[in-house]
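Try each task before reading its solution.

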Amino acid sequence: MLTNHIKKLSADNSEILKELDVMHSALTDLSKRYEKARLIINQMKKREDEYEEKIRDLTDNLRNSEENCRLISKNCDEQLETANARIEQVKAEADREIIKMGASVKLLEMESQSYQAKYKKEKSTDCDSALIPLL
């Protein structure tokens, strides 16, 4: 009876040791999977941090580019306004010059007509003087 009891305890002990070995193996496997998952999570966190830094850099670059575009646009608008004002000024000067030249042309036409009339009168007088002795 005692031997049966010892055999039974020995069998139970052997069974418990097998279960303990299985549990130890499962715990080791779980520990390995946990470490692998932890490494993957840390790598993902590191990549996430890198991406966030890149996003911040790109956002800063975009802001700087937008500011540069605004400054360039403002400068272009100012130069365009200056150029348009200069064009208007040149147009006004050209219009005044055209009016002056038109007045000069009229004056020269009037002087020319006056000289032509004078010339015709002189020629007429010369012709009359030349014809009077012949008559």
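**Exercise 1.** Find how many salt bridges there are.

Solution. Start with the rule: a side-chain nitrogen of Lys or Arg lies within 4 Å of a carboxyl oxygen of Asp or Glu. By this rule the count is 6 salt bridges. Side chains of opposite charge can pair when their charged atoms come close.

The model is predicted: local features need pLDDT of at least 70, side-chain atom pairs count only at pLDDT 80 or more, and totals for chains, interfaces and linings use all residues. Residues are numbered from 1 along each chain as its sequence is written, and side-chain values use heavy atoms, without hydrogens and water.

**Exercise 2.** Work out how Arg33 and Asp29 are placed along helix H1.

Solution. Take the contact: Arg33 and Asp29 form a salt bridge, with the closest N and O atoms 3.3 Å apart. Next, the helix: H1 covers residues 2-131 (helices are DSSP runs of H or I, at least four residues, numbered from the N terminus).

**Exercise 3.** Is Asp29 buried, partly exposed or exposed?

Solution. Recall the cut-offs: buried means under 20% relative accessible area, exposed over 50%, partly exposed in between (1.4 Å probe, protein chains only). Asp29 has 39%, so Asp29 is partly exposed.

**Exercise 4.** Describe the pair Arg63 and Asp60.

Solution. Their salt bridge has its closest N and O atoms 3.0 Å apart. They sit 3 residues apart in helix H1, about one helical turn. Arg63 is partly exposed at 48%. Asp60 is partly exposed at 36%.

Definitions and conventions: Helix = DSSP H or I, 4+ residues; strand = E, 2+ residues; numbered from the N terminus.
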